[in-house]
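Hi there,

Here is the structure I promised to pass on to you. Have a look at it first, and then read my notes below.

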Amino acid sequence: MTTPHHPAGHTPVPGNPYSHNAGGGGEAAYAPAPGGHAPSAYAGPAPAAGQASPPCRACGARIAVNFKVRAHMGILIMMKFEHLDGPFCRACGIAVVRQMTFRTLFLGWWGPLSLVILNPFTLVWNLTAYLKYSKLPPSAPLPGRAHLDTGPPVLRRPLSYVALIPLAWAIWVVTQIVTHEM
Ligand SMILES: [Zn+2]
C-alpha cells in the first residue's frame, strides 16, 4: 500500500507570512529619545552665569543672585530669627537688606545671647549680603512690576541708633572687666 507521501505535518500554515516581522516593534527601543537633550543636564555651571540664574523673585528682573538675608530679634530670653531667600536683583536685594538690618539694629539687642553673639552675627551676615547685592549690575523689573522700595539707607533712619545704647553698655562692661583685671 503506497500512501502518497504527504508531508501533512509540513503544510505551511497559510495566513501570517508576516508573523516573523512582528518583531519590528522592537525598533522602538532604538528610537532616539525625543528631543534627545539629556546631556544638557550635565551642562552644569553655564559659562554665562547671568543667563542661567533665575530672575528676581520680587520684580522679575533678569540679573539676580541668591543670598539669604537675615533679621534677628532678641528680648530677654525671647528670640526670633527671620530670613528671606532670594534670588533678588540689585535694587530688591538692597531693599531687603536695609529693611531687615534696620529691624535687627532696632530690636536685636535686648537679650544677653542676642547682644553678644546672635546680633553681631546677623549684622555681619547682612553686610556680606549687602556687598553681594550691591555688586550686581542694575537690572530692570518686568513690565508691570517694580523693585521693592529701598527706603533710606539704614544709617539715615534714626531708630537704627537705638543700637548705640546696648553697644555703649557692652563697651562699658568690657572696659570695666578689663580695668578691674589690671
Ligand atoms: Zn528685583
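**What I found**

Let's start on the outside: Ile77 is exposed, because its relative accessible area is 80% and the cut-off for exposed is over 50%. Please keep in mind that this is a predicted model. You can find Ile77 in the loop between S1 and strand S2 (78-84). Ile77 also belongs to a nonpolar patch on the surface, together with Ile75, Leu76, Met78, Trp110 and Ile165. The accessible area of these residues together is about 700 Å².

In general, nonpolar side chains in soluble globular proteins tend to be buried together.

Now for the metal. Which protein atoms hold the zinc ion as donors? They are the SG atoms of Cys56, Cys59, Cys89 and Cys92, lying 2.3 Å from the ion. The angles among the four donor atoms are 104 to 115 degrees, and the site is tetrahedral. Along the chain, the donors follow the spacing C-x2-C-x29-C-x2-C. Cys59 sits in the loop between helix H1 (49-52) and strand S1 (69-75), while Cys92 is in helix H2 (residues 90-107), so this pair ties together parts that are 33 residues apart in sequence. Both Cys59 and Cys92 are buried.

Happy exploring!

Note on methods
Residues numbered from 1 in each chain as written. Predicted model: local features only at pLDDT ≥ 70, side-chain atom pairs only at ≥ 80, totals over all residues. Heavy atoms only, no water. Donors = N, O, S within 2.8 Å, 3.2 Å for Na, K, Ca; no water. Tetrahedral: all angles 85-135°; square planar, octahedral: opposite > 155°, others 65-115°. Helix = DSSP H or I, 4+ residues; strand = E, 2+ residues; numbered from the N terminus. Buried < 20%, exposed > 50% of the residue type's maximum accessible area, 1.4 Å probe, protein only. Patch = residues over 30% accessible without salt bridge, like charges linked within 9 Å, V, L, I, M, F, W, Y side chains within 5 Å. Areas by Shrake-Rupley, 256 points an atom, 1.4 Å probe, with all protein chains shown as cover. Salt bridge = Lys/Arg side-chain N within 4 Å of Asp/Glu carboxyl O.
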